[in-house]
Amino acid sequence: MTDAVAPKLKPMILVYCREGFEAEAGQELAAMVVQVLGLQRQPLPVTVANSAFAMLPLASTNELMALRRKLPVKSLVFARQLAFGFGPLDLGDARDRAAPIAAAALESIFPAAGIQYNRLVVTYPDNNDGKELTRFSKLVHPALTKALGKAGMLTKNGAKGLPTFNVFFFDRAKQAMLTWIDPGNSSPWIDGVARLKLPPSAPSRSTLKLEEAFHIFMTKGQRDHLLRPGLTAVDLGASPGGWTWQLIQREMFVTAVDNGKMDDALMATGMVNHLSVDAFHYRPKSPVDWLICDVVEQPSRVAKLVAHWIGEGLCKNAMVNLKLPMKQRRDEVLRCLDIIGAANDQWYLAARQLYHDRREVTVFASSNMD
Ligand SMILES: C[S@@+](CC[C@H](N)C(=O)[O-])C[C@H]1O[C@@H](n2cnc3c(N)ncnc32)[C@H](O)[C@@H]1O
């Protein structure tokens, strides 16, 4: 296939994250790996400030394959995407990058996983360095597809259910990670960048946050069930109405709580009841299907409020944004999840720093997840 000599690459887990959150992403990945594998040693994540990704080198291919089965992407808060594989492959200034990548893939990834891939994607970090690789990745894709296809690694008709072969370039494409992304254990957006269009009638950009959250935390079937017409919701910190808008689109009834003004068109639907009261004091007269909350406040205060609603049976599901202006951001998230989780240990609980989240994370809690 090629004469290029394949170097020995290390088994690794790769997570994509928001620029500036590499330490959090690396620390939580290492902590989950210790927990899932029951390790005695502390694996050390490799992170570079503002690189928008973190890597965790593993001791063996056996560990990698065990983690593939046991490490759910839903257990990670700061990871936008989860990939398994080998690296880093040092490409230097090689003009032909396809040949060394195909050779290394045959040497490490293919024998380790022993599987075929449905397609090839080329990804890069979501930061300024990555932007410079947009054109390069389009140029290199056909050559790589040809080389990997020739080696028998890619199926011809892109069979569903198979993993995606993901070549992640970084360091100005001088280095690459050769990985795969499993379809049932990954973000629906291959590089974790949720490409959603801002609907023209939505009152604020925040609407994209809630839309992304619905895709990240729920399957289509769960969305159809949990967000069906006629359900009721309370939106705390609702003005001008981006989150409320998402629910009104789904023909739900919303009580919007905020001293600020709500969007006129939204109010004209007749589906919104606007109350100018304090989110921390308001309680519904009877339980609602959803609590959604985007109030700008200390995260632990918001977590206690949500825990109260859950504990008192005031809602069946909750989607809440926690703002993280402080330094110890991972500790704060864990503290808040403990507070919310303690309200009812039968509830499903997950959190994620979404693509549309800045210095914040979104938490989903539900009594209804099967
Ligand atoms: C980030 S904005 C919400 C944006 C909204 N989710 C959207 O999509 O348009 C936060 C809102 O919380 C409201 N807020 C802050 N503290 C509040 C409180 N104690 N009670 C009610 N609303 C509050 C603010 O007035 C502000 O409108």
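Student: Is phenylalanine 21 buried or exposed?

Tutor: This is a predicted model, to begin with. In it, phenylalanine 21 is buried, at a relative accessible area of 3%.

Student: What is the geometry between its ring and that of phenylalanine 78?

Tutor: The ring centres of phenylalanine 21 and phenylalanine 78 are 6.0 Å apart and the planes are at 15 degrees, so the pair is stacked. The cut-off for stacked is planes under 30 degrees apart.

Student: Where in the chain are the two residues?

Tutor: Phenylalanine 21 is in the loop between strand E1 (10–16) and helix H1 (22–37), while phenylalanine 78 is in the loop between helix H2 (61–70) and strand E4 (81–90). They are 57 residues apart, and the pair links distant parts of the chain.

Student: And phenylalanine 78, buried or exposed?

Tutor: Phenylalanine 78 is buried, with a relative accessible area of 1%.

Student: Which charged end sits over the ring of phenylalanine 21?

Tutor: That of arginine 329, at 3.8 Å from the ring centre. There is also arginine 301, whose charged end sits over the ring of phenylalanine 280, 3.8 Å from its centre.

Student: How many aromatic pairs are there in the whole structure?

Tutor: The search finds 13.

Student: Which residues do ring pairs link into a cluster?

Tutor: One cluster consists of Phe214, Phe217, Trp290, Tyr348 and Phe364, linked by ring pairs.

Student: Switching to helices. At what angle do H3 and H6 pack?

Tutor: About 35 degrees, with 9 Å between the axes of H3 (residues 98–107) and H6 (residues 134–150). Their crossing is right-handed.

Student: Which residues meet there?

Tutor: From H3, Ala98, Ile101, Ala102 and Ala105; from H6, Ala143, Leu144, Ala147 and Leu148. The contact has eight nonpolar residues, with no polar and no charged ones.

Student: Last topic, arginine 228. Where is it found?

Tutor: Arginine 228 is in the loop between helix H8 (220–226) and strand E8 (232–236).

Student: Why does it count as partly exposed?

Tutor: Its relative accessibility is 35%, and partly exposed covers the range between under 20% for buried and over 50% for exposed.

Student: What is it in contact with, leaving aside neighbours within four places in sequence?

Tutor: With those left aside, arginine 228 contacts Arg223, Arg250 and Met252.

Student: And how far apart are arginine 228 and glutamate 212?

Tutor: In space, 17 Å from C-alpha to C-alpha; in sequence, 16 residues.

Definitions and conventions:
Residues numbered from 1 in each chain as written. Predicted model: local features only at pLDDT ≥ 70, side-chain atom pairs only at ≥ 80, totals over all residues. Heavy atoms only, no water. Axes fitted to C-alpha atoms, helices over the stretch in contact; angles between N-to-C directions. Helix = DSSP H or I, 4+ residues; strand = E, 2+ residues; numbered from the N terminus. Left-handed = near helix turned anticlockwise from the far one by under 90°. Contact = heavy atoms within 4.5 Å. Nonpolar A, V, L, I, M, F, W, Y, C, P; charged D, E, K, R; others polar. Phe/Tyr/Trp six-rings, centres within 6.5 Å; stacked < 30°, edge-to-face > 60°. Buried < 20%, exposed > 50% of the residue type's maximum accessible area, 1.4 Å probe, protein only. Lys NZ or Arg CZ within 6 Å of the ring centre and 35° of its normal.
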